[in-house]
Amino acid sequence: MDLDYDLKGLADSGKLTEKLQFIIMGGTALLLYNKKTRVTSDIDVIYIKPVDINKESIKSLLFDYNISNNVENVMEFPFKEDVIRRKYPLRGAGVEFNHINVFLATREDIILSKIFSSRPEDEKDLIEFDILDKADLDYIRERYLSHKDVLLE
């Protein structure tokens with residue numbers, strides 16, 4: 001809600017001309033699916049449309065909220081189009097945003113991003129959290145097999 005309010009100021013000044021749209025990934029997404037606690041210092045996102053992301057005022061505001069698309073730089077990510085296609089809106093407490101559309105990646109896409117990550121903590125997340133329990137393992141297996149030769153060389 002605070003980010004939406006701050007984006008209003010940028011929209012009013014003409015620095016933001018369209019809604020900012022992103023999909024939550026990484027540790028924050030994992031926390032939204034689980035009741036366990038985990039420390040995460042940022043919100044990893046995939047920008048659906050990089051609207052105005054390069055404008056310094058918007059970059060600065062996103063930095064203030066620890067929102068970044070570093071997930072695309074840290075993880076091998078050949079299935080970004082699938083993540084965008086399969087996303088679903090994040091809604092809570094009936095709040096509607098005016099300047100952002102926030103989505104959540106599916107369990108399966110979060111799992112795949114962690115499988116293809118080269119970071120040990122991502123493997124640990126898959127073991128410690130119950131995200132695998134409710135996931136479509138057939139989908140994960142199919143996507144893994146279609147990308148493993150390219151990503152795990």
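Biologist: Let us start with a single residue. Is I140 buried or exposed?

Modeller: One must first say that this is a predicted model. The general idea is to compare the relative accessible area with a cut-off, and buried means under 20%. I140 has a relative accessible area of 8%, so I140 is buried. This residue belongs to helix α8.

Biologist: Which residues are in contact with I140, once its neighbours within four places in sequence are left aside?

Modeller: They are E108, I111, L112, I115 and A135. The C-alpha atoms of I140 and E108 are separated by 6.0 Å, although the two residues are 32 residues apart along the chain.

Biologist: E108 brings us to α6. How many of the nine residues of α6 are buried?

Modeller: Seven of the nine are buried, so α6 is largely enclosed by the rest of the structure. The buried residues are E108, D109, I110, I111, L112, S113 and K114.

Biologist: How should I read the packing of α6 against another helix, and what is the case for α2?

Modeller: An α-helix has 3.6 residues a turn, so residues three or four places apart point the same way. In this model, the axes of helix α2 (residues 26-33) and helix α6 (residues 107-115) cross at roughly 140° and come within 11 Å. The two helices are therefore oblique to each other, and their crossing is left-handed. On the α2 side the contact is made by G26, G27, A29, L30 and Y33, and on the α6 side by R107, I110 and K114. By class, these residues divide into four nonpolar, two polar and two charged.

Biologist: At what angle do the axes of α6 and α7 cross?

Modeller: The axes of α6 and helix α7 (residues 120-128) cross at roughly 140° and come within 8 Å. This pair is therefore oblique as well. I111, K114 and I115 of α6 make the contact with D122, D125 and L126 of α7. Three of the contact residues are nonpolar, none is polar and three are charged.

Biologist: What orientation do α1 and α3 have to each other?

Modeller: The angle between the axes decides the reading, and an angle over 145 degrees counts as roughly antiparallel. The axes of α1 and α3 come within 11 Å and cross at roughly 165°, and the two helices are therefore roughly antiparallel to each other. Their crossing is right-handed. L3, D6, L7 and L10 in α1 meet S57, I58, L61 and L62 in α3. This contact has six nonpolar residues, one polar and one charged.

Biologist: Which residues have the most contacts inside the largest nonpolar core?

Modeller: They are L3, L7 and F22, in a core of 38 residues. Elements that each supply at least two residues of this core include α1 (2-12), β1 (20-24), β2 (43-49), β5 (100-104) and α8 (137-151). Beyond residues up to four places away in sequence, L3 touches F22, L61, L62, Y65, I67 and I100.

Biologist: What is to be noted about phi of N66?

Modeller: The background is as follows. Most residues other than glycine have a negative phi. In N66, phi is near 60°, a positive value in a residue other than glycine. N66 sits in the loop between α3 and β3 and is partly exposed, with a relative accessible area of 39%. In strand β3 (residues 67-68) one finds S68, which is buried at a relative accessible area of 15%. Not counting residues up to four places away in sequence, S68 touches D42, I43, D44, V45 and Y47.

Biologist: To place these details in the whole, how many helices and strands does the protein have?

Modeller: The protein has eight helices and five strands. Along the sequence they follow the pattern α-β-α-β-α-β-α-α-β-β-α-α-α. Of the 153 residues, 42% are buried. Among contacts between residues at least 6 apart in sequence, 72% join residues at least 24 apart.

Methods: Residues numbered from 1 in each chain as written. Predicted model: local features only at pLDDT ≥ 70, side-chain atom pairs only at ≥ 80, totals over all residues. Heavy atoms only, no water. Axes fitted to C-alpha atoms, helices over the stretch in contact; angles between N-to-C directions. Helix = DSSP H or I, 4+ residues; strand = E, 2+ residues; numbered from the N terminus. Parallel < 35°, antiparallel > 145°, perpendicular 65-115°, else oblique. Left-handed = near helix turned anticlockwise from the far one by under 90°. Contact = heavy atoms within 4.5 Å. Nonpolar A, V, L, I, M, F, W, Y, C, P; charged D, E, K, R; others polar. Core = buried A, V, L, I, M, F, W, Y, C linked by side-chain atoms within 4.5 Å. Buried < 20%, exposed > 50% of the residue type's maximum accessible area, 1.4 Å probe, protein only.
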